[in-house]
Amino acid sequence: MAKAAANFACTECGYSAGRWFGKCPGCDAFGSLVEEAPATAATRVAAKPLLRLVDVNAEEAKRISTGVPELDRVLGGGLVPASLVLVGGEPGVGKSTLLLSALGAISAAGRRALLVTGEESTAQVKLRAARLGGTEGVEILAETELDAVCATLERERPDVCVIDSIQTLYAADMSSAPGSVGQVREAAGRLLRVAKEFGVATILVGHVTKDGAVAGPRVLEHLVDCVLQFEGDRYHAHRVLRATKNRFGSTNELGVFEMTGEGLVGVPDPSELFGKTLPGEIGAAVACVLEGTRPILLEIQSLVAPTDLAMPRRVGTGVDPKRLAMIVAVLSRHAGVALGSADVFVNVAGGLRIDEPGADLAIALAIASAARNAPVREGVAAFGEIGLTGRLRPAAQSERRLEECTKLGIAAAVAPAGTRSRSKIKVSESGTLREALRAGLKTGQENPRKSA
Ligand SMILES: Nc1ncnc2c1ncn2[C@@H]1O[C@H](COP(=O)(O)OP(=O)(O)OP(=O)(O)O)[C@@H](O)[C@H]1O
Ligand SMILES: [Mg+2]
């Protein structure tokens, strides 16, 4: 006989157990386990007729353009009808703004677009709509009851529906609170059924946890066809949209937006934002780092200033201090960059944080450029891990990094020996840090009197 269903689940990772734990055994979060109502027995349904692939109507699979080119690109060329898309992002990053302007464009193209809002009143949405403009044809429903939402979708059958947000929906037949694992899973499951059965392309807005993952159980990510992450920080107007999962397209695409008074405006050339240095600028290098499994180009700046302090400062913003101390030591010991009597400051542009050893080489290039008063060669990005012996170690997923460089218009890369490129980009393979500095820095302008 099957074991009775577990009835405690973690709100962070979805771990479930038959008893309560103060600390989740799955993800070590404290106080995250909540009781779930036992699942109700499923009712039997009649068998459905089968269909051959050749008989499937291709019209039904034609993508719907969202009218937002950056969003279309990340989705892999538009929304697939009857698909389920999950959009996650920090509070206030602009999820509602992006999706409302997409709905506006979809309705303007003659399709039915419905916004189900559980977080904001219709009047608040109207205020935003007035700011964005072009959203007159969007239909709106202010509702949080799951059954009512599903029944409305079944009756109205819009082409595209946005649920803002999945955490506000609740199923009346479940005892747990809205936003809990059970409720979110139930809501996503029922919406999935409605989406597939009635051909409604559904976009779910999801909250994120403090580590940036979409809140709710991981099963949610398995359930949907596409998971988009909307990222950005509060000090900058730009936002980045990425797919972390896409059943109908590549996950390497990235969409960049700028938040303006008229809503989110797509940025056609994102390399201008993060990964571009001024040609000839001293102390700036471009790193190609992996964030999780996603490559991104970042500008790294460094300042090397003479100091009288007995213990010179090594200050890194967005860089691990231990890693920075190690890079400075390897630079002085193995690459002839004397930094013993200089303060070293390193900053990652855009307020981002790098936790990945693949960024070592670009950090070293920026510091060496500042110390030697020689700029990094134009249009060059760098990646690779620096070993304590001064030898460069290959960075993980170099091909994806090179692809990202090509996508953002970088012509050449300095990388560890053994990095093979299938794309057009020119790779200067370097065995040691000294060789990498030679390949990356403009030697003509080298200053023989080191500033340090
Ligand atoms: N008039 C304006 N001019 C420029 N930016 C604005 C203006 N009004 C709002 N914003 C921006 O829009 C953001 C809010 O967008 P939105 O409500 O779409 O975010 P959200 O991701 O849906 O947030 P939540 O998770 O709270 O629902 C604000 O953080 C602000 O940066
Ligand atoms: Mg919102």
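Ile203 is a residue of strand S8, which covers residues 201–206. In this predicted model, Ile203 has a relative accessible area of 5%, and is therefore buried, since the limit for that class is under 20%. The C-alpha atom of Ile203 is separated by 5.8 Å from that of Leu86, although the two residues are 117 residues apart along the chain.

**Surroundings of ligand 1**

- Ligand 1 is surrounded by 15 residues, of which Gly92, Lys95, Ser96, Thr97 and Arg128 are the closest.
- Classified by side chain, this shell comprises six charged, six polar and three nonpolar residues.
- Helix H2 (95–108), helix H3 (122–132) and strand S11 each contribute at least two residues to the shell around ligand 1.
- Helix H2 gives the largest share of that shell, namely three residues.
- A polar side-chain atom of Ser96 is placed 2.5 Å from an oxygen atom of ligand 1.
- Backbone atoms also take part: a polar backbone atom of Gly92 lies 2.8 Å from an oxygen atom of ligand 1, and a polar backbone atom of Val93 lies 3.3 Å from an oxygen atom of the ligand.
- Ligand 1 taken alone exposes 650 Å², and the protein buries 63% of that area.

**Aromatic and charged contacts**

- The model contains one aromatic pair under the criterion applied, which requires ring centres within 6.5 Å.
- Phe230 belongs to strand S9 (residues 226–232) and Phe257 to strand S11 (residues 254–260), so the pair ties together parts that are 27 residues apart in sequence.
- Both Phe230 and Phe257 are buried.
- In a separate contact, Arg19 lies over the face of Phe21, at a distance of 4.1 Å from the ring centre.

**Backbone geometry in loops**

- The peptide bond that leads from Asp164 to Ser165 is cis, and its omega is near 0°.
- Ser165 is located in the loop that joins strand S7 (160–164) and helix H5 (181–198).
- Asn373 is not a glycine, yet its phi is positive, at about 60°.
- The position of Asn373 is in the loop between helix H8 (360–372) and strand S17 (380–382).
- The relative accessible area of Asn373 is 37%, so this residue counts as partly exposed, between the limits of 20% and 50%.
- Gln397, likewise not a glycine, has a positive phi of about 50°.
- Gln397 is found in the loop between strand S19 (392–393) and helix H9.
- With a relative accessible area of 35%, Gln397 is partly exposed.

**Helix H9 and the residue that follows**

- Helix H9 covers residues 398–407, and its buried residues are Ser398, Glu399, Arg401, Leu402, Glu404 and Cys405.
- Just after helix H9, Gly409 adopts a positive phi of about 80°.

Methods
Residues are numbered from 1 along each chain as its sequence is written. Chains are lettered from A and ligands numbered from 1 in the order in which they are written. This is a predicted model: local features need pLDDT of at least 70, side-chain atom pairs count only at pLDDT 80 or more; totals for chains, interfaces and linings use all residues. Side-chain values use heavy atoms; hydrogens and water are left out. Rings of Phe, Tyr and Trp (its six-membered ring) pair if their centres lie within 6.5 Å; planes under 30 degrees apart count as stacked, over 60 as edge-to-face and the rest as tilted. Helices (H or I, at least four residues) and strands (E, at least two) are DSSP runs, numbered from the N terminus. Buried means under 20% relative accessible area, exposed over 50%, partly exposed in between (1.4 Å probe, protein chains only). A charge sits over a ring if NZ of Lys or CZ of Arg is within 6 Å of the ring centre and within 35 degrees of the ring normal. A residue is near a molecule or strand if one of its heavy atoms lies within 4 Å of it. A polar contact is a pair of N or O atoms within 3.5 Å; within protein, one must be able to donate a hydrogen and the other to accept it, and residues adjacent in sequence count only if both atoms are side-chain atoms. Accessible areas come from the Shrake-Rupley method with a 1.4 Å probe; for residues, only the protein chains shown count as cover. Ala, Val, Leu, Ile, Met, Phe, Trp, Tyr, Cys and Pro count as nonpolar, Asp, Glu, Lys and Arg as charged, and the others, Gly among them, as polar.
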